[in-house]
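Please have a look at the structure first, and then we can go through it point by point.

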Amino acid sequence: MSGPLTVRPVTRQDYEQWLPLWDGYNAFYGRSGPTALAGEVTQMTWSRFFDAYEPVHALVAERGGNLLGLVHYLYHRSTTSIAPNCYLQDLFTTQAARGQGVGRALIEGVYERARQAGANRVYWLTHETNHTAMQLYDKVGEKPGFVVYRKMF
């Protein structure tokens, strides 16, 4: 794969290349085989990217017609700010694209769109064992020291 790296909004025509990236992302977090997301979740996620009323967005990284990575992000309100916050929810690159600046380019793409939307913060989570990704995250963001709690239903 040669040529420049382009980060752009996902299009409906990207589905066949987006889906293996999405599946790879989910597999990384243990959602594959018997624990895979239901097909309805994937279809709803995909449809939200193209619904103007949804706050969920997607960018892809492309080189030479091949998708190398994806990032999904959404905007939400906050009680401590008038401007919206931007949550970078999913980030994934192909194994072959790692270490080539694809993840950084996708994060920078979200930063740019968040600025354009008037957001004053982009934030994300990763698992504490995701050391490879954290090497990048430590360069492009900061750790605010918060611990995440959750309750699943």
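1. **Ground rules.** This is a predicted model, in which local features need pLDDT of at least 70 and side-chain atom pairs count only at pLDDT 80 or more, while totals for chains, interfaces and linings use all residues. Residues are numbered from 1 along each chain as its sequence is written, and side-chain values use heavy atoms, with hydrogens and water left out.

2. **Overall layout.** The protein has 4 helices and 5 strands, where helices (H or I, at least four residues) and strands (E, at least two) are DSSP runs numbered from the N terminus. Along the sequence they follow the pattern β-α-α-β-β-β-α-β-α. The radius of gyration, taken over C-alpha atoms, is 16 Å, close to the 15 Å that the globule rule gives for 153 residues, so the protein is as compact as a globular protein of that length. That rule is 2.2 Å times the number of residues to the power 0.38.

3. Strands count as paired if DSSP finds at least two bridges between them. S2 (residues 56-63) and S3 (residues 66-78) are antiparallel, with 8 bridges; one of the details here is that Leu 59 has Val 71 in S3 as its bridge partner. Their hairpin has 2 residues between the strands, and Gly 64 takes a positive phi near 60 degrees. S3 also runs antiparallel to S4 (residues 81-93), joined by 9 bridges, and a hairpin of 2 residues connects these two strands.

4. **Helix H3.** H3 (residues 102-116) has 15 residues and reaches 21 Å from its first C-alpha to its last, close to the expected 21 Å; that expectation is 1.5 Å times one less than the number of residues. Its buried residues (under 20% relative accessible area, 1.4 Å probe, protein chains only) include Leu 106, Ile 107, Val 110 and Tyr 111. The buried residues of H3 pack against S1 (6-9), S2, S3, S4, S5 (121-123) and H4 (131-140). After H3 comes Gly 118, with a positive phi near 85 degrees.

5. **Burial and contacts.** Buried residues make up 37% of the 153 residues. Of the contacts (heavy atoms within 4.5 Å) between residues at least 6 apart in sequence, 62% join residues at least 24 apart.

6. **Annotation.** An unreviewed UniProt entry places the feature "domain: N-acetyltransferase" at residues 5-153; such annotations may be inferred rather than shown by experiment. This span is 33% helix and 28% strand.

Notes
Buried means under 20% relative accessible area, exposed over 50%, partly exposed in between (1.4 Å probe, protein chains only).
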